[in-house]
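This report covers hydrophobic packing and ring contacts. The structure comes first, then the notes.

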Amino acid sequence: MAPISGPRPGTAVSGGSVLRGRVAVVTGAARGVGEALTRRLSAAGMHVALLGREARTLRAAAASLRTPNLCFECDVTEPDALDEAARQVADRLGDASVVVANAGVAAGGPFRLTDAGLWRRVIDVNLVGSANTARAFLPQLARTRGYFLQVGSTAAFGAAPMMSAYCASKAGAESFVQALRGEVEPDGIAVGIAYLHWTATDMLTGLDEHPVLRALRAHQPRFARRVHTPEQVADWLAAGVERRAAHVYAPPWLRWCQPLRPLFPVLVTHVARREMRRAPAAGFAAGTGIMGAGGRADWEAYTSSAGDRSAPPR
């Protein structure tokens, strides 16, 4: 397969011509943004490998694609499983030209009330899993001079109380890919990070159960409170893939927040402190635990395979 040299960031691309016939790998592809992105990349002519934790949901997602595809039930925290997935991708579809590290889970609630194993699991999936994904597929990306995209979050801009593991993992993932970019550039590999804001995935459904998070969102400007569909976010991500963009903003106005990032921790702390003084302490425990159906599926599979490390949080 010819290298994916393609246009550089800022160059318009039409019709998916740069991507047609190439191979893309998307983790966390069973639902949400990952599933929507596989459809968008397939529509652009890419052959797609879907990696995720829910075999039946993965197969349903793969069945809707227009181009050759494979799906693998795979835990991104297990390097051997990712290595096997990478081998099968190369053997059955060809070397990957695009790899999107999208797999992610979240847990909400006070740090002191969050199960320690669950807290660590969020870090392992969102940060260590991304590094494992890169390690498994970098040899293929070097051969194709391809593109690695880390799906990040505005949680890296300003850490929110009640989301300590998620914010720490997304800040860590941002630092990881920034370091990786300089290392692999001589191999012709481009590395990007996507910053996602409010997105209508199942992870977001429990947001309003947490008083501080509800208050933080309420204090944002009206345009910033808008919740975007996974399909819209997938369009922004796919455009970034076509451009081999170093930064992808979903929504695009987030790019103007970068110079203001030093202010965000101060603002978040101010709003959080005020809300925590107003609300009863018992209210902060509401909804403590894993967030969203995808997160529950991962946690249940993880605890089952580990032989009851701890009881699954509600």
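## Core packing and aromatic contacts

In this predicted model, L51 touches V25, V26, T27, G28, A29, L58, F72, C74, L82, A85 and F137, not counting residues up to four places away in sequence.

The largest nonpolar core has 43 residues. L51 is among those with the most contacts inside it, along with V25, F72, F137 and F148. Helix α4 (residues 116-144) gives the most to this core: eight residues.

Now the rings. The structure holds four aromatic pairs. Two of them are tabulated here.

| Pair | Centre distance | Plane angle | Class |
|---|---|---|---|
| F157 and Y195 | 5.1 Å | 55° | tilted |
| Y195 and Y249 | 5.6 Å | 20° | stacked |

The F157 and Y195 pair is tilted because its planes stand at 55°, between the cut-offs of 30 and 60 degrees. This pair links distant parts of the chain. F157 lies in the loop between β6 (147-153) and α5 (164-184), and Y195 in strand β7 (residues 190-196), 38 residues apart.

Y249 sits in strand β8 (residues 247-250), so its pair with Y195 ties together parts that are 54 residues apart in sequence. Ring pairs link F157, Y195 and Y249 into a cluster.

Y195 is buried at 0%. Y249 is buried at 9%.

The charged end of R121 sits over the ring of Y302, 4.3 Å from its centre.

Terms used
Residues are numbered from 1 along each chain as its sequence is written. This is a predicted model: local features need pLDDT of at least 70, side-chain atom pairs count only at pLDDT 80 or more; totals for chains, interfaces and linings use all residues. Side-chain values use heavy atoms; hydrogens and water are left out. A nonpolar core is a set of buried Ala, Val, Leu, Ile, Met, Phe, Trp, Tyr and Cys residues joined through side-chain atoms within 4.5 Å. Buried means under 20% relative accessible area, exposed over 50%, partly exposed in between (1.4 Å probe, protein chains only). Helices (H or I, at least four residues) and strands (E, at least two) are DSSP runs, numbered from the N terminus. Contact means heavy atoms within 4.5 Å. Rings of Phe, Tyr and Trp (its six-membered ring) pair if their centres lie within 6.5 Å; planes under 30 degrees apart count as stacked, over 60 as edge-to-face and the rest as tilted. A charge sits over a ring if NZ of Lys or CZ of Arg is within 6 Å of the ring centre and within 35 degrees of the ring normal.
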